[in-house]
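Have the sequence and the 3D view ready.

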Amino acid sequence: MVQEYQSPVRVYKHPFELIMAAYVRRFPKCPLIPVFVDSEIVSENQSKDGSTLVTERRCVIDIDAPRLLKRIAGVDYLYFIQKNTLNRRDRTLRIEVHNETFSSRVAVRECCNYTVHPENEDWTCFEQTASMDIKSFFGFESTAEKIAMKQYASSIKKGKEIIEYYLRELEAEGVTYIPRWTPPVVSGTTRAIPVKGARNGLDSKDTELVVGSPDDKLDADYIRRYLGDLTPLQESCLIRLRQWLQENNKGKIPKDQHVLRFLRARDFNLDKAREFMWQSLTWRKQHQVDFLLDTWERPQLLQDYYAGGWHHHDKDGRPLYVLRLGQMDTKGLVRALGEEKLLRQVLSLNEEGLRRCEENTRVFGRPISCWTCLVDLEGLNMRHLWRPGVKALLRIIEVVEANYPETLGRLLILRAPRVFPVLWTLVSPLIDENTRKKFLVYAGNDYQGPGGLVDYIDKEIIPDFLGGDCMCDIPEGGMVPKSLYRTAEELESEENRLLTDSIYKSASIFKGAPYEMLVEITEASSVITWDFDVSKGDVIFNIYHSKRAPQPPKKDTLGAHAITSLGAVNTQLIDRNWVLGKDYSMVEKALTCREGESVQGSHVTRWPGFYILQWRFHSTPACSASSLPRVDDVLATLQVSSHKCKIMYYTEVLASHDFRGSMTSLESSHSGFSQLSAATTSSSQSNASSTISR
């Protein structure tokens with residue numbers, strides 16, 4: 001495999017001629033580079049006018065490799081050929097290097113260029129590229145590659161230090177200016193002679209590289225200033241990925257900070273980071289995410305009930321986001337807004353976080369690429385572990401992890417209740433391992449005092465609801481009115497969805513034509529979970545078990561049930577000839593559910609086989625005690641609409657090993673969610689439990 005390296009452009013605030021005087025002092029040997037044992041000039045040629053000088057050297061390198069490997073290779077030193085082409089007229093130096101030792105087994109190529117800065121002729125730029133291809137090396141190809149890359153990275157870092165060292169040495173000798181080369185006069189030739197003087201004085205402060213600007217993408221000091229301290233190989237990965245994006249991506253090129261996040265997420269594996277980022281760029285383009293901050297308008301419902309917002313910054317200068325998850329009605333938000341809008345809300349927060357990181361980088365004068373999130377779990381209970389809500393959360397986490405890697409610097413989880421481990425068990429598998437290491441969890445009031453919040457957030461900005469003095473201007477959450485809930489049809493008809501499908505499905509139940517759903521269970525003790533809302537009419541909910549697979553009848557249901565003009569008719573799974581107790585059995589007592597009720601529950605299966613979830617039309621008995629029907633009842637029976645109920649449902653099957661530890665989350669949501677569950681009642685049965693929210 002060919003290893004490649006591309007350096008950023010390093011800019012020195014010194015004239016080219018002075019840099020050249022410092023450069024030649026590193027030969028024939030340099031005490032600052034112990035592995036550089038010696039060098040000798042093989043040939044040297046200069047043009048007649050003296051403008052061009054070509055020097056070829058044979059360099060001896062002592063690689064820091066295990067003695068055994070050197071004995072196997074049969075060498076103590078490696079020899080390289082270096083060809084330097086100095087063009088005094090154009091003020092450039094080109095350095096070309098290739099290996100002489102093991103040239104048939106290993107191909108090493110390096111090219112360096114010193115040039116005049118395009119915008120300031122008194123500054124000098126340096127750029128470097130290299131490649132290494134180990135074809136064979138006595139069976140130690142991988143080891144040799146690691147040693148060579150480590151050695152090369154070390155020499156790259158020292159290259160900058162060496163130039164600065166010899167610049168200071170020149171200054172100590174009084175050499176601060178060297179005149180530029182000029183063509184020789186007719187009477188003879190002239191040579192550039194070092195001059196002692198103060199012109200373009202060499203101040204010690206000038207030994208530092210020029211500070212770049214965000215628009216100067218290849219400036220090494222820009223990388224240090226805006227992106228942080230990177231190793232030479234990390235810098236190379238960043239630049240090469242940028243170049244690849246410029247060549248292949250026709251859309252908007254991400255900013256360097258964001259490109260670096262993808263590299264870090266893949267441990268600077270260029271191929272993996274390239275694939276990772278390309279998928280994200282395709283997703284951003286498909287859903288116009290780059291314009292999200294300008295086009296997204298938060299619904300009023302989010303402004304009223306979404307208990308989260310930005311709040312100053314932490315001690316490291318990272319933007320701080322506060323989320324009062326325990327006070328949020330997660331089910332109400334999902335039901336009233338749908339996953340699409342919730343996801344757009346989360347994406348807008350991430351886009352805003354990226355913007356705030358850039359702003360804080362400028363304000364604090366150091367790289368800030370991620371933010372801190374403070375999550376208050378006071379009030380968290382079983383209602384928050386509502387399965388469709390958790391599933392929506394997991395899907396949102398998947399999208400965020402795939403498109404906003406390395407954006408979370410620290411997650412402070414405060415006042416975690418006993419139910420938190422259940423939620424963590426469900427959510428943690430989808431969170432990257434490096435991200436999980438950034439989580440800090442405090443139970444009760446452990447966050448107060450040393451080792452708590454004050455270690456990460458200045459005392460002056462700790463929110464008031466956490467015992468601080470700073471007012472935190474975010475909504476307090478609360479119960480979302482059920483009148484704002486959307487129907488399944490509305491949730492399923494979202495346009496330009498960022499998620500491929502909807503959690504909920506809708507179904508119609510007719511009088512004489514129940515809606516049935518088949519669940520095949522292969523492992524006993526599996527858990528069937530359900531959550532449904534009755535949006536119209538009253539229904540009776542049953543669960544049946546059969547050892548044999550139901551055979552859906554041919555589509556003659558209309559005739560069989562004597563229903564006319566009903567539109568789409570439900571397929572019946574329970575055969576009319578089946579005998580209850582023989583061909584199939586009822587595993588749960590029938591549950592009557594009224595219009596407007598929400599029902600959640602679970603059933604632990606005793607046997608493998610086929611389970612049928614059934615919703616039947618429930619006829620409301622006449623209020624009159626008389627045996628004669630009322631006129632209103634007779635008229636109602638003539639209206640087809642009165643024979644139709646509608647539900648919106650979600651089901652899921654959990655394996656027995658996945659279910660352990662989360663039983664209570666499925667059994668009941670009645671757990672005192674501040675005032676939110678005050679109007680909740682529950683109905684428990686032998687092997688299942690359903691909760692009806694009225």
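What follows is a short tour of salt bridges, aromatic pairs and a charged patch.

## Before we start

This is a predicted model, where local features need pLDDT of at least 70 and side-chain atom pairs count only at pLDDT 80 or more, while totals for chains, interfaces and linings use all residues. Residues are numbered from 1 along each chain as its sequence is written, and side-chain values use heavy atoms, leaving out hydrogens and water.

## Salt bridges

How many salt bridges does the structure hold? There are 31, each one being a side-chain nitrogen of Lys or Arg within 4 Å of a carboxyl oxygen of Asp or Glu. Take Arg89 and Asp49, whose closest N and O atoms are 2.7 Å apart. Arg89 sits in the loop between β5 and β6 and Asp49 in the loop between β3 and β4, so this bridge ties together parts 40 residues apart in sequence. (Helices, H or I with at least four residues, and strands, E with at least two, are DSSP runs numbered from the N terminus.)

Another bridge joins Glu351 and Arg284 at 3.0 Å, N to O. Glu351 belongs to helix α10 and Arg284 to helix α7, so the pair links parts that are 67 residues apart in sequence. Are these two buried or exposed? Both Glu351 and Arg284 are buried; that means under 20% relative accessible area, with exposed being over 50% and partly exposed in between (1.4 Å probe, protein chains only).

## Aromatic pairs

The whole structure has 21 aromatic pairs. Rings of Phe, Tyr and Trp (its six-membered ring) pair if their centres lie within 6.5 Å; planes under 30 degrees apart are stacked, over 60 edge-to-face, and the rest tilted. Tyr165 and Tyr166 have ring centres 5.1 Å apart and planes at 75 degrees, so they are edge-to-face. Tyr165 is partly exposed at 33% relative accessibility, whereas Tyr166 is buried at 4%.

Trp424 and Phe439 make a tilted pair, 5.2 Å centre to centre with 50 degrees between the planes. Trp424 is in helix α12 and Phe439 in strand β15, so the pair ties together parts 15 residues apart in sequence.

## A negative patch

On the surface, Glu460, Asp464, Asp469 and Glu476 gather in a patch of negative charge. Patch members have over 30% relative accessible area and no salt bridge, with like charges joined within 9 Å and nonpolar side chains (Val, Leu, Ile, Met, Phe, Trp, Tyr) within 5 Å. Glu476 lies in the loop between β15 and α14 and is exposed, with a relative accessible area of 63%.

How values were computed
Accessible areas come from the Shrake-Rupley method with a 1.4 Å probe; for residues, only the protein chains shown count as cover. Lys and Arg count as positive and Asp and Glu as negative; His and the chain ends are not counted. The place of a charge is taken as NZ of Lys, CZ of Arg, CG of Asp or CD of Glu.
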